[in-house]
Amino acid sequence: IGVWCTQGPTYCSACNNELYATYYGVPNNSYGSQEAYDGTAYITVFGYQGPPYPSDHYPCIRFDTLLEANVEYCLSIFMNLAGVSAYKNQSYSALFYGSHPSACNGLDTMIWRDLAQINFDITDVDSTNWTELSGSFIANGNEEYLVMGNLTVDHADTVYIGPSPANFPWAVYFLDMVSLVRCAEIGISETG
């Protein structure tokens, strides 16, 4: 659907297994062990990092083409809770935006959660299975970026689930197979 346009999320790949398996491999990496849902790679994102760690990750994708006004788009993301997590979130959001948003090192005054077009309930996302998150929205037109993340500024949706094997106050997730299509295209098959 486009290109990743932000720093923060870690790209984990089976291609890294030989040189960087301890940190960025698949299935084993710094955050746990999980096969990719599809292919050989996924990204890791932080939905919560307790003090003194920096702000959360907001992966951003720039679309190849602008979204069209009054068209319903369907978003699908596969998510898995990383084994290193001591916390988990109850929500994850998708914000479609016309320009590249800036988190300003966590000091942004923009209320992203209120602007998000899709809010997912991720209370059932676990560290064993991949969970598909799906939702839809009607575009205003000219949206060029998708920003994802736990957009609750006060982290009121974050719950403690038990001690982390790494002893860090984190909620870490693996994301794979991000897909955005016109909802009308779902279920249409090509005939030859």
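Predicted model: local features only at pLDDT ≥ 70, side-chain atom pairs only at ≥ 80, totals over all residues.
**Stop 1: R62 and E144.** Select both side chains. They form a salt bridge, with 2.7 Å from N to O. R62 sits in strand 6, whereas E144 is in the loop between strand 11 and strand 12; the pair links distant parts of the chain, 82 residues apart. Now colour the two residues by accessibility. R62 counts as partly exposed because its relative accessibility is 40%. E144 counts as buried, since its value is 16% and the cut-off for buried is under 20%.

**Stop 2: R182 and E68.** Move to the other pair. The closest N and O atoms of the salt bridge between R182 and E68 are 2.4 Å apart. R182 belongs to strand 14 and E68 to the loop between strand 6 and strand 7, so this bridge ties together parts of the chain that are 114 residues apart in sequence. R182 has a relative accessibility of 28% and therefore counts as partly exposed. E68 also counts as partly exposed, at 42%. As background to both stops, side chains of opposite charge can pair when their charged atoms come close.

Stop 3: Is N70 buried or exposed? N70 is exposed, because its relative accessible area is 69% and the cut-off for exposed is over 50%. Check its backbone as well: phi of N70 is positive, near 65°, and the residue is not a glycine.

**Stop 4: M177, in strand 14.** Go back to the strand that carries R182 and select M177, which is also placed in strand 14. M177 is another residue other than glycine with a positive phi, about 55°. Its relative accessible area of 36% makes M177 partly exposed.

Stop 5: Select V26 and P27. The peptide bond from V26 to P27 is cis, and its omega is near 15°. P27 lies in the loop between helix 1 (17-24) and strand 3 (28-29).

Stop 6: Switch to a cartoon view. The chain has two helices and 14 strands. Five of the strands make an open sheet in the order 2-5-14-7-11, paired antiparallel. Which strands stand at its edges? They are strand 2 (10-13) and strand 11; each has a single partner strand, so one side of each has no neighbour in the sheet. Direction ignored, neighbouring strands of this sheet are turned against each other by 35° on average.

Zoom in on strand 7 and strand 11. They run antiparallel and are joined by eight bridges. E72 has I138, in strand 11, as its bridge partner.

**Stop 7: the largest nonpolar core.** Show the side chains of L75, F96 and L146. Among the 29 residues of the largest nonpolar core, these three touch the most other members. Strands that supply at least two residues each to this core include strand 5 (41-49), strand 7 (72-81), strand 9 (91-97) and strand 14 (170-182). Next, select L75 and what surrounds it. Beyond its neighbours within four places in sequence, the contacts of L75 include A94, F96, I118, F120, L133, L146, V178 and L180. Another core, of 13 residues, lies apart from the largest one; Y31, F78, W130 and F174 are among its members.

Stop 8: Select H57, in the loop between strand 5 and strand 6. H57 is buried, because its relative accessible area is 12%.

**Last view: the whole chain.** Clear the selection and show the surface. The accessible surface is about 10100 Å², and 49% of this belongs to carbon and sulfur atoms. Of the 192 residues in the chain, 45% are buried. Of the contacts between residues at least 6 apart in sequence, 80% join residues at least 24 apart.

Conventions
Residues numbered from 1 in each chain as written. Heavy atoms only, no water. Core = buried A, V, L, I, M, F, W, Y, C linked by side-chain atoms within 4.5 Å. Buried < 20%, exposed > 50% of the residue type's maximum accessible area, 1.4 Å probe, protein only. Helix = DSSP H or I, 4+ residues; strand = E, 2+ residues; numbered from the N terminus. Contact = heavy atoms within 4.5 Å. Salt bridge = Lys/Arg side-chain N within 4 Å of Asp/Glu carboxyl O. Pairing = 2+ DSSP bridges. Axes fitted to C-alpha atoms, helices over the stretch in contact; angles between N-to-C directions. Areas by Shrake-Rupley, 256 points an atom, 1.4 Å probe, with all protein chains shown as cover.
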